[in-house]
Structure formats: C-alpha cells, structure tokens
Amino acid sequence: SDGVVVLKTELSEPDNSGRQSVKIIDGSEYKEEADIIILALGFDQEVPAFLSEASLELDRWNGIKVNENYQTSNPKIYAGGDGVRGADLAVTAAADGKAAAKAIVNSFQYATMEAV
C-alpha cells in the first residue's frame, strides 16, 4: 500500500543557550498510509569557505558565535542576522547590523581614548 515511513520525534533538553533540538525517538518508526505526499524540506546552513579560513567559532548549527557586541572569535570580524541566528526576518538582520555598527564605532572610540 502507499504511504510514507515516519519517525516520531521529541525536543531535547535546552542547551546552554536555551535552544532545543529535535531528537528521533528510538523504535518509533511506522508507516502512515497516504494517497498524496507533500515534501517540506529544511536545509542545514552551509559553511562558506571564508568562515573556515577566518577560523571563526561556530555553534552546533554552524551559526557564527558572537558576543553581546556581535563580535566573533576574531576580534576584527563582527556578524549578525541569519549567519548568527539562522533563518529569521530581514528586519532582525538589519537591527543586528545596526547594533554591530554601533559596537564597531564604540570600539574605535574606546581605542582612541586608550591611545590618548
């Protein structure tokens, strides 16, 4: 008969960032009868070569790790938006960019004050 083999899932305990991931429940495989099957596909973040070359620290979803000022593990590189959060709204990425730009300006001002 027609159908699709599925696995039941559950959410893991939150990690240090509070984020949960999906876990497959062992032994939960079963066949769901169906006349029509519609696929909904998700994609993992692909790590661009320049991130590896810059030796930036990534999280377990291959998002770029940043501090509260959007600064990466390389102090000269800042990041925000989807590269940090995963898929999100364009307005959120724009807000991250604005906050990162402010942090960069503040770092220049701080460096200038130290030099005086």
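The second largest pocket of this predicted model is lined by Asp15, Asn16, Ser17, Arg19, Asp59, Arg60, Trp61, Lys65, Val84 and Arg85, a pocket being an open set of points on a 1 Å grid over the protein atoms alone where a 1.4 Å probe fits, with protein on both sides within 12 Å along at least five of seven lines, and lining residues having an atom within 4 Å of a point. By class, this lining holds two nonpolar, two polar and six charged residues, where Asp, Glu, Lys and Arg count as charged. Local features need pLDDT of at least 70, and side-chain atom pairs count only at pLDDT 80 or more, whereas totals for linings use all residues. Residues are numbered from 1 along each chain, and side-chain values use heavy atoms, without hydrogens and water.

Among the lining residues, Arg19 lies over the face of Trp61, at 4.0 Å from the ring centre; a charge sits over a ring if CZ of Arg or NZ of Lys is within 6 Å of the ring centre and within 35 degrees of the ring normal.
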